[in-house]
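Visitor: Could you show me how to read a few features of this model?
Guide: Gladly; let us look together.

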Amino acid sequence: MYGIDAPEKTQDYGPESRAALAKIIGNNLVEIEVKNRDRYGRSVAVVYVNGKNVNQEMVRTGNAWWYYEYDKKDTEMEQLQANAKKNKLGLFSKRGYVEPWIYRKEKKAQTSTKPRVRRK
């Protein structure tokens, strides 16, 4: 989803974030506004349900981070995240939260330092 990053499934608050997204979308049809494609060829988009911007709603409720690196000019998202942090909403209600991009980087570093077992 464009401009946001949510916790990974295996990360603290990952299941809660996923449940929040499912609740927002429900059984409704979604509209997407494709902004670009990522390096894997996947569409990166703003998602709408009944005219509501789901990307913003996820940040507003503290269920995802504003992904500053890829959406630097979105001051509205910046304000939504600041408010979620201030009010300790969603993942910001917990101490020691780790941004997903840092979590993925640390996890990748851990797997690359493990000795590989060779099988014959």
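Visitor: What share of the contacts with a separation of 6 or more comes from residues 24 or more positions apart?
Guide: A contact means heavy atoms within 4.5 Å. In this protein, residues 24 or more positions apart account for 57% of the contacts with a separation of 6 or more. The model is predicted: local features need pLDDT of at least 70, side-chain atom pairs count only at pLDDT 80 or more, and totals for chains, interfaces and linings use all residues. Residues are numbered from 1 along each chain as its sequence is written, and side-chain values use heavy atoms, leaving out hydrogens and water.

Visitor: How many helices and strands does the protein have?
Guide: Helices (H or I, at least four residues) and strands (E, at least two) are DSSP runs, numbered from the N terminus. Here there are 4 helices and 5 strands, in the sequence pattern β-α-β-β-β-α-β-α-α.

Visitor: Is Asn50 buried or exposed?
Guide: Buried means under 20% relative accessible area, exposed over 50%, and partly exposed in between (1.4 Å probe, protein chains only). Asn50 is exposed, with a relative accessible area of 67%. Asn50 is found in the loop between strand 3 (43-49) and strand 4 (52-53), and has a positive phi of about 50° although it is not a glycine.

Visitor: Where does Lys88 lie?
Guide: Lys88 is in the loop between helix 3 (75-86) and helix 4 (100-113). Its phi is positive, about 50°, although Lys88 is not a glycine. Lys88 is exposed, at a relative accessible area of 56%.

Visitor: What percentage of the 120 residues counts as buried?
Guide: For the protein, 32% of the 120 residues count as buried.
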